[in-house]
Amino acid sequence: MTQFQLTENALDKMKNNEVQDPVLQILQIKQSNTTPPKYAAMISDGTQLTWGYFNREFTQMFEEKKIKLYTVISVSSFFSRVLPKRGLIYLISQMTIVGQADKMIGNPKSQRQQPNNQNQQQNQNQNQNQNQNQPQNQPQNQPQNQPQNQQQNQQQNQLNQNQQQNQQQNKFNQNQQQNLNQNQQQNRNQNQQLNQQQKSFNQNQQQNVNQRISRPITQGGEHSVTPISGIENFLYGQFTLRVRVTFKSDKRNFRNNKGQLFNADLIDEEGEEIRITFFNDQVEKYYDYLEKGKAYYVSGVAVRQANKAFSPLKNDNELSANSNTLIEACSDENLPYHNFNFDPIDQILVCNPGKFVSVLAIVKQVGQLQDIPTKNRGMTKKLSVLIGDQSGAVIEVTFWGDRANNLKIPTDTEKGYVLALRGSKVGNFNNTNNLSIVSSTQIFHNPEFGPIVHDLRKWWQSGGKDQKTNSLMRSGRSLPENWHIDEEKKTLSAIEEENLGANNPKGDTMFVRATLTHLSRTDRLYYPSCPNCKKKVQEQGGGWFCFKCQQQMNSPQYRYTMTINLADHTGSYQVSVFSPHAEDLIGMQCDQIRNLKEVQGDDSKFQEIMKNAEFKMGSWALKIQENEYEGKSRKKCTLLDFHLMDDFKAASQILLKEIQQYL
């Protein structure tokens with residue numbers, strides 16, 4: 001069996017960084033209640049033990065039982081901290097597993113568990129007292145021929161001894177009670193002294209904070225710096241960060257106007273980022289003092305779980321400033337300015353709405369600046385920009401308010417205008433993902449980020465600007481450009497047989513080869529919509545009114561909302577079709593069809609157009625979702641894209657590929 005040698009007196013040597021790669025043993029493991037969980041363990045060097053706290057990167061090793069009871073580890077990077085209740089602990093950021101022992105090595109003891117001399121003396125006194133209280137052995141049975149008066153004398157002597165012992169016991173108890181009362185009084189006095197010292201310490205610390213904030217601070221003194229990756233909730237703010245401010249928001253008022261706040265994003269030397277929020281009094285102290293791009297020491301902050309609905313950073317934690325917070329200016333040596341992780345647009349199109357993403361792309365189209373009504377019956381500016389990247393996908397980005405009004409992007413996009421967005425929010429409209437610029441979004445115009453920008457411009461000049469955008473991108477589904485040829489086709493019966501859409505809230509995508517057998521001709525073929533939000537409008541006061549935009553208009557924009565029937569050899573299915581796919585099927589704009597049907601009243605021409613769109617075979621991309629209606633589940637099928645087989649060359653390629661599968 002493998003014998004492991006722990007580093008002698010490693011825990012004492014780790015206090016002063018006098019040991020490298022100490023070998024320790026895991027003796028007890030605890031898991032936090034946070035999500036994802038964090039782990040702490042009692043670590044031993046064979047003679048002493050204390051608590052060690054592990055970074056989240058080791059969480060999977062604990063969950064997979066790679067680190068468990070009696071595991072021997074080698075610690076290569078650690079930080080020491082003193083906690084109020086647990087004393088000296090170690091924050092372990094890097095370590096390796098040496099092996100697995102089958103029992104505890106050595107006889108480690110915690111210094112907190114070693115009794116002092118006073119406790120030992122008290123225990124001895126109690127043991128003596130217990131011995132005295134035990135009943136004495138009874139006298140042995142005397143012979144029957146012993147005189148009776150001698151027995152009575154012995155009994156009297158025994159009684160006198162018992163009375164004397166009881167008197168001694170009472171006197172001892174009285175002394176013990178007096179000692180106990182004196183100890184309690186001493187403890188009360190000590191607690192009062194500690195409270196006074198703590199109060200005095202807090203006052204001095206607050207005075208130091210006020211003095212440092214009231215004047216410019218330069219770097220001075222030595223700081224024990226903790227990386228952002230080492231921040232954990234159990235540290236109670238007893239750490240110091242050395243960071244650069246990469247973003248600072250404007251001041252914002254609470255909804256009840258009873259306070260204000262602002263936040264800032266920080267980055268450390270390792271490129272890790274975290275957000276800090278300031279409230280009320282801290283806003284007044286630090287808002288003008290903190291500057292974007294400057295470096296600071298930050299200490300005395302609270303750690304809490306980040307709210308992902310408002311934070312664009314990857315960190316699961318965030319910081320909150322309080323009265324004990326201290327911020328000092330420092331040198332910015334080796335501190336980066338940014339840490340970008342750009343998301344490809346084709347992945348953004350299929351991610352969940354509400355997520356914050358960063359994107360590096362080229363502007364393909366700039367829309368018109370519009371005035372949009374707000375909920376409080378005011379007006380704001382809106383500007384939509386279409387961007388694309390090497391993934392071949394495009395997405396619409398919406399700018400609001402002053403950012404829309406002040407956005408300076410040339411309308412001529414031939415040369416390739418690069419736009420970098422950090423912390424833009426993913427939204428969804430009409431089953432299409434889009435991006436919105438929020439208050440915390442950082443915008444970079446034609447940035448110089450090195451090779452990544454060079455490769456993007458090279459793609460644009462070498463054919464990216466002439467690349468045709470896949471129509472599927474308009475539906476929010478990033479499917480292969482040749483899906484109608486390459487993707488496996490299913491039959492319509494698979495919708496029910498495989499119960500598609502039942503286990504996926506966003507719906508399942510399927511591809512079928514079928515024939516359009518019928519196209520609806522009811523009055524619900526189209527609807528009047530708002531040109532801005534595409535929602536249905538109501539006729540009101542001689543015009544049309546959009547309740548979402550709170551805007552009156554002379555005439556609406558009509559959009560298709562129709563139903564078609566698709567059929568193959570296994571059955572048929574109803575499919576919902578919307579603009580712009582409906583225009584491609586019918587071959588006419590919705591306004592033209594309405595004018596033909598309702599204004600001109602030419603029903604025969606209308607029927608002819610609809611009939612010509614029927615009985616066409618093609619490949620169809622469908623999205624299947626399961627919804628609940630009046631207590632019953634039903635499936636909804638929506639058209640994502642289609643390719644008609646009117647191109648015999650393309651149809652022949654599909655048939656040849658399917659034949660080759662059987663050869």
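Start at helix α13, residues 603-612 of this predicted model. Select β21 (508-519), α11 (581-586) and α12 (590-599) along with α13: these elements are among what covers the buried residues of the helix. Now pick out those buried residues, which are F606, I609 and M610. They span an arc of only 95° around the axis, so they sit on the same side of α13. For contrast, select S604 and K611, which are exposed on the other side of the helix.

Is F615 buried or exposed? Its relative accessibility is 60%, and because the cut-off for exposed is over 50%, F615 counts as exposed. The backbone is also worth a look here: phi of F615 is positive, near 55°, and the residue is not a glycine.

A second residue with a positive phi is N499, at about 50°, and this one is not a glycine either. To find N499, go to the loop between α10 (494-497) and β21. N499 has a relative accessible area of 37%, so it is partly exposed.

Now go to the loop between β27 (571-578) and α11, where P580 lies. Show the backbone of S579 and P580. What kind of peptide bond joins S579 and P580? The bond is cis, with omega at about 5°.

Select M562, I564, L566, W620 and L622: they have the most contacts inside the largest nonpolar core, which has 41 residues. Keep I564 selected and display what surrounds it. Leaving aside neighbours within four places in sequence, I564 is in contact with L516, H518, L519, Y573, Q574, V575, V577, L585 and W620. Another core lies apart from the largest one; it has 25 residues, including I276, Y286, V298 and I327.

The last stop is N263, in strand β8 (residues 260-267). With a relative accessibility of 8%, against a cut-off of under 20%, N263 counts as buried. Which residues is N263 in contact with, leaving aside its neighbours within four places in sequence? They are F247, K248, S249, R252, R275, I276 and T277. I276 also belongs to the core of 25 residues. Finally, select V283 and draw a distance from its C-alpha atom to that of N263. The two residues are 20 residues apart along the chain, and these atoms are separated by 9.2 Å.

Notes: Residues numbered from 1 in each chain as written. Predicted model: local features only at pLDDT ≥ 70, side-chain atom pairs only at ≥ 80, totals over all residues. Heavy atoms only, no water. Helix = DSSP H or I, 4+ residues; strand = E, 2+ residues; numbered from the N terminus. Buried < 20%, exposed > 50% of the residue type's maximum accessible area, 1.4 Å probe, protein only. Contact = heavy atoms within 4.5 Å. Core = buried A, V, L, I, M, F, W, Y, C linked by side-chain atoms within 4.5 Å. Arc of directions from axis to C-beta.
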